[in-house]
Amino acid sequence: MAGAIASNQKLNARISEFMANNAPGFLVSVIIAITAQFLSEHYGAPAMLMALLLGIAFHFLAEEGRCVPGIAFTSRTVLRIGVALLGTRISVELLVGLGPSLIALVVLGVIFTILFALLAAKMLGRGWRIALLTGGSVAICGASAAMAIAAVLPKNEHSERNLIFTVLSVTVLSTVAMIAYPLITQTLQLDELQTGVFLGGTIHDVAQVVGAGFSVSEQTGETATLVKLIRVTMLAPVVLVFSLVIRSFADDAANDGGKRPPLIPFFVLMFLLLAAINSFGLIPAIMQTALSDLSRWALLISIAAVGMKTSLKTILDVGGHAIILIVAETIFIAGFILFGIKWLAG
């Protein structure tokens, strides 16, 4: 009895210590996320972009003081929770609804965009880390993919800067695409189905895909959202492949005396498990909606924390070649999907 009481006291002490260390930074991140959501709902600005910019404005909180541990916890652990919960949006039914030809086009678009990113980065003299980070985010689902990929990449002095640059860039490019791509599809005289496939297969972030699709028509919006979720489905396999390759061939962590990354990141396993459970219809609709909202908020809160960890000066240090790289990747996937649509149409 006395042993159980002592154990409970130790557990309570650890919880209290954890809360005392992490609560201030976490709560600041939550406040920034709520503010970003308010700005998004009332002024139409992307919530991710607002959270990122507001976070950067409060960079001083991540340099010293009580908020530092909580900001680090939020940018790392809360991020992984948000990515894992994305699995509740995925099911096998999504794949069946699109058909094998369009599924193949979307999957090949993801693969070839990442390969293009590696080739283009090498030609521009940039490293493989930023190639995987930008290529994966452009190919899959924008800021969410960038944060998931960053979680398995070996860290160096440029890791935070590259992540912030990528999230900022894909969010801005998604917003531009949301406006420009429907006009392009109209000029090219694509039908509603083709337009939905193009928008869902090329725009980076889910919110902008929905905005662009439903601005054309309801059918286009539904098709675009479906295609986009197929791309989101690729997140776990791509991150898993990256993790396995890095674990096998990247010696950075070993050279620095650090431990090797896990064979399969836990948040990737949770993503796959939740996707499998959802595929069997075991997650009630109300719970699926709640978990999906929780995922969105976790990602919004974590991107606010990531913003606070990076100064504006470090983002500007990324260089023009990185901008050229991510714009080129965006143009590549748009061209690839458009060519595939035209080819499938005969």
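**Terms and values**

Tutor: The accessible surface of the chain comes to about 16,500 Å², with 69% of that area belonging to carbon and sulfur atoms; such areas come from the Shrake-Rupley method with a 1.4 Å probe, and for residues only the protein chains shown count as cover. This is a predicted model, in which local features need pLDDT of at least 70 and side-chain atom pairs count only at pLDDT 80 or more, while totals for chains, interfaces and linings use all residues. Residues are numbered from 1 along each chain as its sequence is written, and side-chain values use heavy atoms, with hydrogens and water left out.

Student: Why is Asn-278 called buried?

Tutor: Buried means under 20% relative accessible area, exposed over 50%, and partly exposed in between (1.4 Å probe, protein chains only); Asn-278 has 9% relative accessibility and therefore counts as buried. Of the 346 residues of the chain, 50% count as buried.

Student: What makes α3 and α15 roughly antiparallel?

Tutor: The axes of helix α3 (residues 68-85) and helix α15 (residues 285-308) come within 8 Å and cross at roughly 150°. Angles under 35 degrees count as roughly parallel, over 145 as roughly antiparallel, 65 to 115 as roughly perpendicular and the rest as oblique, and α3 and α15 are therefore roughly antiparallel to each other.

Student: Which kinds of residues form the contact of α3 with α15?

Tutor: They divide into 13 nonpolar, 5 polar and no charged, where Ala, Val, Leu, Ile, Met, Phe, Trp, Tyr, Cys and Pro count as nonpolar, Asp, Glu, Lys and Arg as charged, and the others, Gly among them, as polar.

Key: Axes are lines fitted to C-alpha atoms, for helices over the stretch in contact, and angles run from 0 to 180 degrees between N-to-C directions. Helices (H or I, at least four residues) and strands (E, at least two) are DSSP runs, numbered from the N terminus.
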